[in-house]
Amino acid sequence: MFNEEKPIFLQLAEQLEEGILSGAYPEEGQVPSITEYAANYKINPATALKGINLLVDRNLLYKKRGVGMFVAAGAQEKLLGERRERFYHDYIEKLVREARHLGLSAAQLSEMLERGIENVD
Amino acid sequence: MSIEIRNVTKQFGDTLALDHVSLTLEENKIYGLLGNNGAGKSTLLSIITDRQKATEGCVLVDGENVSGNDAALGKLFLVGEQNLFPDDMKVKRAFDTAQMFYPNFDRAYAEATAEKFGLNLKKKITALSTGYASIFRLILGLSVNTPYLFFDEPVLGLDAQHRDLFYRLLVEKYAENPCTIVISTHLIAEVANLIEHTIIIRTGRILKNLPTEELMADAFTVSGPAATVDAFTSGRHILTSSTLGGLKTACVQGVPEGELPVGLELSKINLQDYFISMMEEEDQK
């Protein structure tokens, strides 16, 4: 479930983000508890708490005392905005670098992009 | 609230099984006790739980010497390889007995857990298969609710599904009702993300004793063309290295410094690989 590239708590936070983005964890819906996460992934509950707190700190999740953790209203939109902002850095920069590495010209790259936009489902 | 192991030495004939071991086990933490066969893990756990006497030194449980002290012993439970119940006792009766000795033993939980594992309560303990004998002892451990729990090779003889179930129940138990847990195991990968603190023991001595996160931050793996790897790691403490054709992979102690040369790839090391590297390095000494 987890790889060794990043600390577990970061990977857990990313999974939670993905769940919110995809709608698996809808806004105002409850997310699994620390115990459920820890037991499910066999990780220390302190690690699970650290991961979840990353989203609490960004106001993507909020705590209802005695009930559990819930997805904040507007969390999906907020995440979407963040991902769009990071898109250039995360994808475009890498794409251009790799294209250069392979000796593709700007025209060839643009042509490929257009082909991708037309053909990818 | 803690267990203090003070300068414990254990001698068997001319063999020094434990050599002046000092450790503190803090409240509500999960510890991993790692070491090769014969390192002294089981002996240490036996001494902590007063099943064996130390040749020298002592163990204090919440400030009280554990030796012959029933009140202190009531706070500890060791899940080991031995069966401590009479041969012809049935599982159900063993639960009754456990309830007598451990007032916080959760009978309903024990029975529900037995059902999850498919353990037959009517069977005699000695008639259980190796796997189910282990499962029976694990269930006792999960149900006693003592503030200190010790597991010596807990998943020995368990199949993958039962191992998974055990870890899941253990984490659940701990998350809902924290206690101090010490797990001694060879299956390091299975507990690597569970143990907050790592204790590595070798030939009766403590080799490492620190938070797992700190331990893991202190080593990395670098791989790439042999010459480039050699240049990058020159003057550094290399734990182990291997080459495959022209490709070299080195496991290095410390944190990577400076710009990473082109062609090299850096990765984190996992606990099991780190442990093996450390042991191999010690073997060279």
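Reply: Arg83(A) pairs with Glu17(A) in a salt bridge, with 3.5 Å between the closest N and O atoms. That term stands for a side-chain nitrogen of Lys or Arg within 4 Å of a carboxyl oxygen of Asp or Glu. Bear in mind that this is a predicted model, where local features need pLDDT of at least 70, side-chain atom pairs count only at pLDDT 80 or more, and totals for chains, interfaces and linings use all residues. Residues are numbered from 1 along each chain as its sequence is written, chains are lettered from A and ligands numbered from 1 in the order in which they are written, and side-chain values use heavy atoms, with hydrogens and water left out.

Glu17(A) sits in helix α1 (residues 8-22) of chain A and Arg83(A) in helix α4 (residues 75-101) of chain A, so the pair ties together parts that are 66 residues apart in sequence. Helices here are DSSP runs (H or I, at least four residues), numbered from the N terminus. Glu17(A) is buried at 7% relative accessibility, while Arg83(A), at 27%, is partly exposed. The cut-offs are under 20% relative accessible area for buried, over 50% for exposed and partly exposed in between, with a 1.4 Å probe and protein chains only. The two also belong to a salt-bridge network with Glu18(A), Arg58(A) and Glu82(A).

Now the domains. Chain A is assigned domain 1 (8-73) and domain 2 (76-119), with bounds from an automatic or database domain assignment. Their centres, taken over C-alpha atoms, are 30 Å apart. Ten residues of domain 1 of chain A are in contact with seven of domain 2 of chain A, contact being heavy atoms within 4.5 Å. About 810 Å² is buried between these two domains, and carbon and sulfur atoms give 49% of that; buried area is the accessible area (1.4 Å probe) that two parts lose on being put together, summed over both. Three salt bridges turn up across this interface.

Elsewhere, Asp164(B) and Lys42(A) form a salt bridge at 2.6 Å, N to O. That pair crosses between chains, from helix α6 (residues 160-176) of chain B to the loop between α2 (34-41) and α3 (45-57) of chain A. Asp164(B) is partly exposed at 31%, whereas Lys42(A) is buried at 13%. Over all chains, the structure holds 21 salt bridges.

How values were computed
Helices (H or I, at least four residues) and strands (E, at least two) are DSSP runs, numbered from the N terminus.
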